Amino acid sequence: MKHTADVIVIGAGIGGLTAAALLQERGISTLTVEKNRYPGGSCASFTRNGYVFDAGASVFYGFSPDDKKGTLNLHSRIFRRLGLEVPAVPDPVQIHYHLPGGLEVPVYYEQERFLGELFRRFPHEKEGIRRFYQELEAVYALLSALPAGSLEDPVHIAKVGVGNPGKTAALALKTFKSMGKTARKYITDPELLRFIDMESYSWAVQDAVSTPLVNAGICLADRHHGGIHYPLGGSGVIPRALAEGIEKFGGELLYGREVQRIIVNKGRAEGVVLDNGEELYARAVVSNATVWDTCNRLLGDDRYRVPEGRFLRAPSWFQMYLGVRSEAVPAGFHVHHILVDDWQRYDEHGGTIYLSAPSILDRSLAPEGRHVVHAFVTDETVRWEHLERGSDAYRQAKEDYADKLMQRIERIMPGLREAVEVRVLGTPQTHERYLNRFKGSYGPLLHPGQNVLQKPQNRTAVKELYAVGDSTFPGQGVIAVTYSGVSCASCISRKLGKPLEYL
Ligand SMILES: Cc1cc2nc3c(=O)[nH]c(=O)nc-3n(C[C@H](O)[C@H](O)[C@H](O)COP(=O)(O)OP(=O)(O)OC[C@H]3O[C@@H](n4cnc5c(N)ncnc54)[C@H](O)[C@@H]3O)c2cc1C
């Protein structure tokens, strides 16, 4: 059997691309197969009528130019390794929260300024606020001190453990802690605890008690160190640069082709079957699909099925991409916003509105005198499946729902509805169809109380089949799936006898 490449990667999301780029740079040949005609998955960009929209992600960690700042600073280090430049501008506010009861909290890059906002609203909790956020800082300090590698690579574990015994032990203990339970040790004010739930829900789609403290230490501390950046040209420049890196070192990307099956022989992955029936073979296969799509569809063997209830399935999204005249964007408007009208409904579908207007930082994304706005809420395929895709009824239901959301957004963007020139809408079905994600899900979540290390790592039950992306440790988010790409490449490169050097 002739190998097409050392490693075949299924999917050009950030997880798959990162693994492929690092392997390729190390001299391990890769072929990445992507069903769409462009790379990036949830981190791609698309253009409509002169507006450049981020398909999903807009808040980016890991771009600090200073390696002494930022948890691992992965984007900067990877692009440096690949010899590529991806210019990004700092974003002074991670998220501006607009919450019930007039609670307004912009999360500034400067931590003292952010904490000052909380002290002003909750003076009686000043000491508790400080101690809670200090706990996150302690996790951040431990994480930043340890190099990125695979937790399944015994050599990496031994190096990290022997080189940093105290820090490794301290971090291991923290993996048992929950963000919400830690907050409750120091804070009792119910409104402040709700804010902390929102701090978690904004990226983990779970309340704080269900969210591991270690993940919170990255998201809620690194924003004050490495900070949030926006890549000039839109989210899609990140996957395009990774693809460029793969090709620069001789790797191949095959767009517009879907993998239909993973070839397994005697418990070992040997290659893939494409949608045109072609069979491709390799020494190892990496799947960037979700755990349900990899195990239940691409393997198609009951022995490998993911048991019902093994994970919580995060919801999907209803998304609105708006091209608007500038009068809809108030003076001094921050880029990223979260809007909740009613605490009782924040975690119901549509209860929390996420909104980004990245053209505030990058004028190249919209025509003169215009802005792009991306707003989205959690949703489920089941709410839309009674409507036939492409039918008038489906279209009307989308428009009606979008109108209601826009009305709510007018609380922070008065006059939005009159200012819209382009409106593109996507249901959970759209998300499922574009990205081959089971029920359009944001990915698997751990059950409350589970240790973060129970998230699947890169190895799977099938030999030489690896997983990468948001179904694997540490989880959802562009920086998290980048980490999973690094750890996957470390694991495979060690196996193939060409171990990666630390970034
Ligand atoms: C609306 C929204 C907003 C978000 N906002 C942020 C944010 O602000 N900041 C942040 O850090 N994160 C954000 N995220 C999360 C982040 O975008 C994702 O966690 C991350 O991009 C997922 O990357 P991935 O590589 O795991 O998978 P994906 O992005 O899903 O990529 C997988 C790729 O594999 C391809 N594929 C799947 N199956 C096959 C197959 N059989 N054959 C060929 N190709 C296949 C898909 O087409 C896709 O391109 C957001 C996500 C969404 C949806």
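Predicted model: local features only at pLDDT ≥ 70, side-chain atom pairs only at ≥ 80, totals over all residues.

## H1 against H15

H1 covers residues 14-25 and H15 covers 478-495; their axes come within 7 Å and cross at roughly 40°. At that angle, the two helices are therefore oblique to each other.

Who does the touching? On the H1 side you'll find Ile 14, Gly 15, Thr 18, Ala 19, Leu 22 and Leu 23, and their partners in H15 include Val 478, Val 481, Cys 488, Ala 489 and Ile 492. Sorted by class, the residues of this contact come out as 10 nonpolar, 6 polar and no charged.

## H1 against H10

H1 also packs on helix H10 (residues 237-248), with an angle of about 25° and axes 8 Å apart. That makes H1 roughly parallel to H10.

From H1, the residues involved are Ile 14, Leu 17, Thr 18, Ala 20, Ala 21, Gln 24 and Glu 25; from H10, they are Ile 238, Pro 239, Leu 242, Ala 243, Gly 245 and Ile 246. This contact divides into 9 nonpolar, 3 polar and 1 charged.

## The ligand shell

Which residues come nearest to the ligand? Of the 36 around it, the answer is a run of glycines: Gly 11, Gly 13, Gly 41, Gly 56 and Gly 469. H1, strand S2 (30-34), strand S14 (316-325) and H15 are the elements that each give two or more residues to the shell. By class, the shell holds 15 nonpolar, 15 polar and 6 charged residues.

Domain 1 and domain 3 both give residues to the shell, so the ligand lies between them.

## Domains

## H3 against H4

Over to another helix pair. Helix H3 (residues 111-121) and helix H4 (residues 126-145) pack at about 150°, with 9 Å between their axes. The pair is therefore roughly antiparallel, and H3 passes H4 in a right-handed crossing.

Leu 115, Leu 118 and Phe 119 of H3 meet Lys 126, Ile 129, Arg 130 and Tyr 133 of H4. That gives 5 nonpolar, no polar and 2 charged residues in this contact.

Two spots are worth a look if you're checking torsions. Most residues other than glycine have a negative phi, and most peptide bonds are trans. Phe 473 and Pro 474, however, are joined by a cis peptide bond, with omega at about 5°. Pro 474 sits in the loop between strand S20 (465-467) and H15.

The other spot is Asn 49, a residue other than glycine whose phi is positive, near 50°. Asn 49 is in the loop that links strand S3 (45-48) and strand S4 (51-54).

Definitions and conventions:
Residues numbered from 1 in each chain as written. Axes fitted to C-alpha atoms, helices over the stretch in contact; angles between N-to-C directions. Helix = DSSP H or I, 4+ residues; strand = E, 2+ residues; numbered from the N terminus. Parallel < 35°, antiparallel > 145°, perpendicular 65-115°, else oblique. Contact = placed C-beta atoms within 7 Å. Nonpolar A, V, L, I, M, F, W, Y, C, P; charged D, E, K, R; others polar. Near = placed C-beta within 6 Å. Domains from an automatic or database assignment. Left-handed = near helix turned anticlockwise from the far one by under 90°.
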